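I open this notebook to record what I looked up in the structure.

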Amino acid sequence: MDKSKGEKDISKYRRYKKIKFPNDFYDNVIYKVSDELLFISEDYKNLLKETIEQNGSYIFNKEDFQIYRDSVKSEIKFLEKFKQYLFNEGLCYRDIDLYNFHVCLKTNPLTIISGMAGTGKTRLAVAYAKALGLDEEHYTVIPISPAYTEPADIIGYLNTSKEEFIPSETGIADILKRAHDRKDELFMIIFDEMNLSQVEYWFSPFISLLEMKEDERKLILYNKNSNCKNSDKYPAQITVGDNVLFVGTVNIDETTKDFSDRLLDRANVITLESVPFVEMKDLFKNKKILTTQKAL
C-alpha cells in the first residue's frame, strides 16, 4: 500500500464542507427516483455549491482531522504488520484478498471465507487474529462436525436433573462469557468447515442476533426461571457485543451443505482463489525485497 497516496486521499476530506439542509430543497427537486436518489436543476446545484462555499462549515475541524488521519495511519500500519506476519509464516495471498477480508471483518460481525480446499482459509483467519495480538483466550477455532444439528451441540444445555449448565466441548459458551465480561477487548470465533453440517440448524440463534442492535443481542443459554447451580459462571443469557467477530470457512463441493439466503443476507462473503505458482514466486520475491529494504 502506497502510504503517500493514502495520506493524499485523507487530506482531500479536510476540504469538505456541510450546511444545514435547505428548507426549499424538495421544492427544487425536478425528478424523484427514490428517497435516496433525487434530481435537481443545474441552476439550483450551482446555488447550493455557492451557499456551501460561503456559509458551510468544515466536516473535519483540525482536531477531528488529526484523529481521523492517525486512525488511518494506524490501520495502514496494521495491514503491513498483517502481511509481514503472513510472509514470515510462509503464507501467500493476494493483497486485494487481504484488504477485502479486513474490510469484511470491520463492517459485519460475520464473515464467510469460501474457496477450494488448500487455499488457506482457516490459516488466514488465525493469522489475522494473531496479527491483532489475540491469544488463545481471545480467539478459538471450532471444527464443525456433520453431526451438529442444533444450537446445543456448539453452545451447551441445561441438565435439569442436576440443575447445572453443561457447556459444549467447543468452548464457545466460555469465550462468549469472557467477551460479555470484557467489553473493551476483542474476541474472534472461527468456525472451520462451517458448512459440513446445515448451518441454519446449529447457528440459528446467532443468525437472529446478527440483525439486532448490539444491546439487544441476548443469547439465551437456558430459561431464566430454571434453577441452575453454576449460573454465576453461565448466566441464563449472554450479550453478544460488537467485540465478538465470527468467521466461517467453507468449501463448496459434494460433501457440504448450501447456505440459505437468510444466512447470506447477514454475512460478508469473500472467495479465495489459489495463487498460481509463478505469481506466488513473484509475490514472495517482491515481499522479500521490501523486507530487506526495511531492515537496511
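Entry 1. I noted that the model is predicted. I looked up strand 5, residues 110-115, and found that it pairs with strand 13 in the parallel sense over five bridges. Within this pair, Ile112 stands opposite Val269 of strand 13.

Entry 2. I then asked what packs on the sheet. Helix 5, residues 121-131, does so, touching strand 5, strand 6, strand 9 (187-192), strand 12 (244-250) and strand 13. The direction of helix 5 makes about 170° with that of strand 9. Helix 6, residues 172-181, also packs on the sheet, and its contacts are with strand 6, strand 9 and strand 12. For helix 6, the angle with the direction of strand 9 is about 160°.

Entry 3. In what order do the strands of the open sheet run? I recorded five strands in the order 6-9-12-5-13, with parallel pairing. Strand 6 (139-143) and strand 13 (268-272) each have a single partner strand and stand at the edges, so one side of each is left without a neighbour in the sheet. I also recorded the twist, which averages 20° from one strand to the next.

Entry 4. How many cavities of 30 Å³ or more does a search of the whole structure find? I noted one, and the volume of the largest cavity is about 40 Å³. Its lining consists of Pro109, Phe206, Leu210, Arg217, Val240, Gly241, Val244 and Phe246.

Note on methods: Residues numbered from 1 in each chain as written. Predicted model: local features only at pLDDT ≥ 70, side-chain atom pairs only at ≥ 80, totals over all residues. Heavy atoms only, no water. 1 Å grid on protein atoms, 1.4 Å probe; cavity = no way out; pocket = protein on both sides within 12 Å on 5 of 7 lines; lining within 4 Å. Points joined across faces, edges and corners; volume = space filled by probe spheres on them. Pairing = 2+ DSSP bridges. Helix = DSSP H or I, 4+ residues; strand = E, 2+ residues; numbered from the N terminus. Axes fitted to C-alpha atoms, helices over the stretch in contact; angles between N-to-C directions. Contact = heavy atoms within 4.5 Å.
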